[in-house]
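Keep the picture open beside you as you read.

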Amino acid sequence: MNPVTPAIEPRLEATRNACKLCTPLGACLVFRGIRGAMPFLHGSQGCATYIRRYVISHFREPMDIASSNFSEGTAVFGGGENLTRGLDNVIRQYHPELIGIATTCLSETIGEDVPGMLRAYATARAGSPDLPALVHVSTASYRGTHMHGFHDAVRATVAALACQGATLPRQINLLPGLVSPADLRHLREIVAAFGLQAVVLPDYADTLDGPAWDDYQALPDGGTSCSEIATMGQSLATVQFGRALALTAESAADRLQATCAVPACKLGLPIGLRETDALFDCLARLSRQAPPEPFVKERGRLVDAYVDGHKYLAGKRAVLYGEEDLVVGLAAFLTETGIVPVLAASGGKSGVLRQTLTEAAPETASKTQVVDDADFVQIEAAAKALQPDLVIGHSKGAKLARALDIPLVRAGFPIHDRFGGQRLHHLGYRGTQELYDRIVNALLEKTQTESDIGYSYM
Amino acid sequence: MTRDDAILDERRAQVLRNGADGPAMACGKTSAAGSVSQRACVFCGSRVVLYPIADAVHLVHGPVGCAVYTWDIRGALSSGPQLHRNSFCTDLQETDVIHGGEKKLTRCLRELVTTYRPNAAFVYSTCIAGIIGDDIGAVCRKATAEYGIPVIPVMSEGFKGTKKDGYRAACEALASLIGTGDTTGISPHSINILGEFNIAGETWIIRDYLTAMGINVVATMTGDGRVPDIRRAHGAKLNLVQCSGSMVHLAKEMESRYGIPFKRVSYFGIEDMSQALYDVAEFFGDAPMLRRAQELVHRELTALLPALRDYRRDLTGRRAAIYVGGAFKAFSLVRALRHLGMQTVVVGSQTGNADDYRQLKELCDPGTIIVDDSNPVELAAFVREKGVDLFIGGVKERPIAYKLGIGFCDHNHERKRALAGFVGMLNFAREVHATVTSPVWNYVPRRRRLQEAV
């Protein structure tokens with residue numbers, strides 16, 4: 001018998017332990033996924049430093065972000081000169097092929113005309129062989145979450161660089177959203193197996209999870225090049241992940257469809273059988289090839305694992321939190337296994353969390369409490385009332401899992417309290433399998449640890 | 001990349017080579033636009049100094065980023081309340097930016113003060129709060145009157161200077177608390193500990209040493225800090241100031257306001273830790289206290305020195321780079337490394353002043369690169385040029401070292417192992433030894449290439 005579902009208490013107006021990050025962070029991650037690109041924040045120095053530290057603690061890789069380093073005078077008289085000097089200095093020190101300029105709340109609020117400044121900069125340095133591509137994205141932190149910054153940066157990059165042209169019949173665009181480097185590598189493998197070539201944006205698989213270096217790389221190897229991005233207008237189609245994204249914003253996929261007539265295939269984050277099947281169906285249709293044998297077998301093994309593990313999971317109650325699209329993907333997967341996602345929470349507030357959950361996992365309509373614009377104090381209070389068996393999400397739920405004395409299966413970003421977050425798989429049959437194994441084992445471990453008997457078969 | 005390329009023209013006066021004739025370090029400047037400075041901002045400076053006060057509400061008046069990136073960020077331990085480990089934020093939205101955030105701040109303060117019943121509340125101003133012109137002081141004055149606890153504005157707008165200005169804003173916030181408590185019953189042998197943040201319990205180690213000498217600690221600022229203790233800190237006879245950059249301002253303020261002298265000390269390394277204890281004993285001019293300090297140092301060193309000998313044997317001749325926030329910490333590290341037989345060949349800080357760099361020049365060997373407000377490209381060039389075996393720094397320096405196959409010691413505020421005191425010296429030696437002598441470097445491409453070249 002399930003406990004009576006209590007109503008979720010509204011949260012205080014003060015945000016307590018936010019379940020979201022700021023917009024420029026998302027933009028910086030995107031620019032790190034472009035070959036030879038340098039992220040640049042137009043505003044105070046602290047924004048860049050804090051974001052660097054936060055990102056480094058997850059990926060354990062260098063993450064250089066330049067800043068125009070506003071002073072009090074800059075805030076009063078404008079940041080044009082700082083922007084110019086800053087770009088000059090970044091070009092001197094880094095020799096980038098692209099500089100991604102994201103604003104901050106400071107430069108947004110004083111009303112900086114960054115596009116105008118960049119045009120003037122490019123004009124003044126026209127003909128210089130060092131002049132990189134300059135991509136601007138508006139990322140006021142008081143507007144939206146890190147996911148807005150992320151998707152807006154993808155759209156701004158495409159808008160700045162992609163050109164129309166003859167269709168490249170074996171090339172697709174892949175806009176995966178905020179996923180792990182391991183997921184990005186797996187996605188490239190899947191697409192390649194269909195005989196297609198993917199332009200993945202962003203692709204920080206190597207820049208944020210690279211090998212040990214022989215020599216220091218100011219800009220780490222890897223990422224999608226500007227010339228590849230330029231061809232995105234010629235791709236056969238754009239495959240974009242994220243059901244909430246699909247409903248709420250003019251995305252890069254929309255932009256490519258509107259300006260370059262590249263058809264958009266909008267899918268959910270491919271976690272679990274149904275959402276991954278949708279991706280494979282889509283790729284099969286675009287490539288006119290049946291799903292390749294190794295992946296058919298991966299799918300078969302996943303179903304087999306679902307069967308082998310189903311009694312461990314039957315009726316287990318899970319709390320989910322994180323970016324809306326990740327929560328939807330996780331819920332779609334969990335409902336296939338017998339786990340009941342009793343709470344789906346996000347710090348985002350697109351207003352479509354309930355709707356997208358119901359679309360991806362109709363089972364959630366009656367069983368899942370949904371709360372958006374949530375913070376962790378609210379999530380913890382709601383979770384306590386719901387008596388869950390496990391928590392699935394990033395590191396910042398560790399405190400609530402500890403308070404409830406239940407396992408936290410870590411997924412998404414950031415993983416600051418465990419090793420190897422950048423190498424976790426979440427997507428495809430393979431990623432789902434990995435998640436599934438980790439979930440079953442987390443529950444088995446708890447049973448074993450708490451048992452007096454010391455079972456050696458579980 | 002050549003060395004010339006690594007250093008921006010406008011930064012050349014901030015890089016010295018020890019022993020070479022030349023001008024003094026050009027420091028105390030704002031960072032060059034476009035340089036990837038390792039510094040944060042004014043807000044960061046204030047937030048780190050006040051963060052460990054465990055019985056206060058810390059409310060960030062600004063956008064979510066400033067609050068969420070400083071949520072439970074440090075290893076500053078509390079022996080009691082854990083309120084400081086939360087991240088409270090007004091989470092300003094576009095409508096607040098347009099219409100002003102004072103009302104929202106007032107409401108958020110009410111919620112938090114009535115929910116948590118703290119002994120004080122600190123309200124941090126951010127870039128955005130400063131730009132939209134919210135009168136945070138007025139909101140705090142009203143809240144102080146309404147709730148009967150100190151509600152203190154911290155004027156830490158990110159763009160109004162450097163991290164050091166944030167330290168100053170934090171000191172001013174603390175100064176407004178000091179002098180408001182009752183000082184009866186404070187012993188004549190009493191001190192305050194300033195600039196110690198109880199990372200991994202370090203304040204407790206220092207406090208234990210002092211207690212063993214017969215000293216009474218009135219307030220620790222801010223490690224394991226409590227508002228009632230801070231309010232009566234003016235009853236102490238001496239301020240012991242570590243991490244000079246962050247707290248000297250407060251010490252000077254307390255000297256002029258209450259006549260409390262201060263001593264600058266460091267608790268890292270054998271000499272500095274011992275000297276700190278002797279300085280306190282000498283200040284009180286108390287012979288039994290001095291004897292107790294000598295006995296304590298003797299006892300600790302009798303255990304420590306033999307333990308260090310094995311580490312020193314393996315580490316002798318190895319070279320180190322140091323890049324830390326405050327230069328004062330670098331002095332101690334240079335000396336501590338010498339105890340391990342290691343030579344410092346690169347040393348720098350985010351916020352050192354002219355005097356700090358003068359002292360570093362005296363302390364370090366000829367040829368040592370001394371740098372102010374450096375960045376990853378420079379640091380990578382310096383450690384490659386000097387062929388270091390160890391880098392001491394924080395989270396942002398760690399990947400530079402690791403990518404180049406260099407050992408690393410975390411000397412930051414996230415560390416989980418105490419590095420202060422005599423026990424800290426042993427921990428430090430263990431950590432340095434563990435990283436420098438690790439077998440993993442045999443497999444790193446750069447180190448293999450360098451070994452093959454020899």
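## A strand pair across the chains

Let's begin with one pair of residues: A:Arg16 sits opposite B:Phe88, which belongs to strand E3 of chain B. Keep in mind that this is a predicted model. In general, strands of a sheet pair through backbone hydrogen bonds, either parallel or antiparallel.

## Where the chains touch

Now zoom out to the whole contact between the chains. Chain B puts in 59 residues and chain A puts in 56 residues. On chain B's side, helix H5 (residues 102–116) gives the most, with five residues. Sort the chain B side by class and you get 35 nonpolar residues, twelve polar and twelve charged.

## An open sheet in chain A

Chain A has an open sheet of four strands, in the order E3-E2-E4-E5, with parallel pairing. Which strands are at the edges? They are E3 (66–67) and E5 (133–137) of chain A, each of which pairs on one side only.

Take a look at strand E4 of chain A (residues 98–103): five bridges join it to E5(A), and the two run parallel. One residue pair to find here is A:Ile101 with its bridge partner in E5(A), A:His136.

## A mostly covered strand

Next up is strand E8 of chain A, residues 235–241. How many of its seven residues are buried? Six are, so to speak, tucked away, and the strand counts as mostly covered.

E8(A) has parallel pairings with two strands you can look up. With E6 of chain A (residues 168–175) there are five bridges, and A:Leu168 stands opposite A:Ser235 in E8(A). With E9 of chain A (residues 264–267) there are four bridges, and A:Phe241 has A:Leu267 in E9(A) as its bridge partner.

## The domains of chain B

Chain B splits into domain 1 (42–177), domain 2 (190–294) and domain 3 (316–415). The centres of domains 1 and 2 of chain B, taken over C-alpha atoms, are 27 Å apart. Their contact uses 22 residues from domain 1 and 21 residues from domain 2.

On the domain 1 side, the elements giving two or more residues are helices H2 (42–50) and H8 (163–177) of chain B. H8(B) gives the most, with seven residues. By class, this side of domain 1 has 14 nonpolar, four polar and four charged residues.

Notes:
Residues numbered from 1 in each chain as written. Chains lettered and ligands numbered in written order. Predicted model: local features only at pLDDT ≥ 70, side-chain atom pairs only at ≥ 80, totals over all residues. Contact = placed C-beta atoms within 7 Å. Nonpolar A, V, L, I, M, F, W, Y, C, P; charged D, E, K, R; others polar. Pairing = 2+ DSSP bridges. Domains from an automatic or database assignment. Buried ≥ 20, exposed ≤ 12 C-beta atoms within 10 Å, placed from the backbone.
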